[in-house]
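Q: I am new to this structure and would like to learn how to read its features one at a time. Could we go through them together, beginning with a pair of residues and then widening the view?

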Amino acid sequence: MCTLEKRGRVFVLTLTGPGEHRLSPTLIDSLRSALSHVRSASPSSSALVTTSSSDSRFFSNGFDLPWARSAPTSASATARLRLMGTAFTPLIADLLSLPMPTIAAVTGHAAAAGFLLALCHDHILMRSDRGFLYMSELDIGLPLPESFMGILRSKIGSPRARVEVLLRAKKIKAAEGVEMGIVEEAHEGAEATSEAAMRLGEELAGKGWDGEVYASIRKCSFPEACVAVGVSMEVEPRMIQPKL
């Protein structure tokens, strides 16, 4: 499922196991529980790194479609798919409102909802020797809900890049992701990617930023994504304490 640990000032959330880390309702609940713990554990001067275990080829292969398709009727299969979509939206809202910097260390394939999971972090670092980012919906015949489209429009700024991702269903490798402005850094291998993510996490946590202020600025930076998943855009006014 997933594990959460604290290394220095960085929380490390790891999707575990050798499989595809498909976002079943159980895994989504586990991830939300971990993020709830992170939120309650003094978020200022902290950062979050989300990654996957080194024994898997996948960061996340999206929703658990085999589970949905195993339902006895087409109606119940559709209901299972909707259930995952309904559960996934608040997970994304949790990330977009988390009061600390967030980093996705993509050490394997990230497809469909797995790609969206990575996109909803502030920074994406990706291994260059294996893995790709892939919105598979066009290839498998599934429409994208407006909430997902809001995230994609907000997080992939280039219309040309969105055409490649959405209307060509292109599998984007790390170097291409950097060129498109989707990926911040590409690193050779899973270990190097994870180490770079930890360094960035420590650097950002070391800034000592106020977590709630950080979250409010993120919301204002990506309003369409936040509105798409129901994150409140209201910001409480605060007194500014002068630095002496």
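This is a predicted model: local features need pLDDT of at least 70, side-chain atom pairs count only at pLDDT 80 or more; totals for chains, interfaces and linings use all residues.

Q: In which sense do strand 6 and strand 8 pair, and over how many bridges?

A: Strand 6, which covers residues 109–111, pairs with strand 8 in the parallel sense, and two bridges link them. They belong to an open sheet of three strands, whose order is 4-6-8 and whose pairing is parallel. Strand 4 (58–60) and strand 8 (133–134) stand at the edges of this sheet, and because each has a single partner strand, one side of each is left without a neighbour there.

Q: What is the order of the strands in the open sheet of six strands?

A: The order is 1-2-3-5-7-9, and the pairing in this open sheet is mixed. The edges are taken by strand 1 (2–7) and strand 9 (185–187), each with a single partner strand, so one side of each lacks a neighbour in the sheet. From one strand to the next, the twist averages 20 degrees.

Q: Where can I see parallel and antiparallel pairing in this sheet?

A: For the antiparallel sense, look at strand 1 and strand 2 (residues 10–15), which pair over six bridges; here Leu 4 has Leu 13 in strand 2 as its bridge partner. The hairpin of these two strands has two residues between them, and Gly 8 takes a positive phi near 65 degrees. For the parallel case, turn to strand 3 (residues 47–52) and strand 5 (residues 102–106), which are joined by three bridges, with Val 49 having Ile 103 in strand 5 as its bridge partner.

Q: How should I read the packing of two helices?

A: Two packed helices are described by the angle between their axes together with the distance between those axes. In this model, helix 1 (residues 25–40) and helix 3 pack at an angle of about 20 degrees, and their axes are 10 Å apart. Since angles under 35 degrees count as roughly parallel, helix 1 and helix 3 are therefore roughly parallel to each other. Their crossing is left-handed.

Q: Which helix gives the most to the lining of the largest pocket?

A: Helix 3 gives the most, with four residues. Helix 2 (65–69), helix 3 (74–96) and helix 5 (137–140) each supply at least two residues of that lining.

Technical notes:
Residues are numbered from 1 along each chain as its sequence is written. Side-chain values use heavy atoms; hydrogens and water are left out. Two strands pair if DSSP finds at least two bridges between them. Axes are lines fitted to C-alpha atoms, for helices over the stretch in contact, and angles run from 0 to 180 degrees between N-to-C directions. Angles under 35 degrees count as roughly parallel, over 145 as roughly antiparallel, 65 to 115 as roughly perpendicular and the rest as oblique. A crossing is left-handed if the near helix is turned anticlockwise from the far one by less than a right angle, and right-handed if clockwise.
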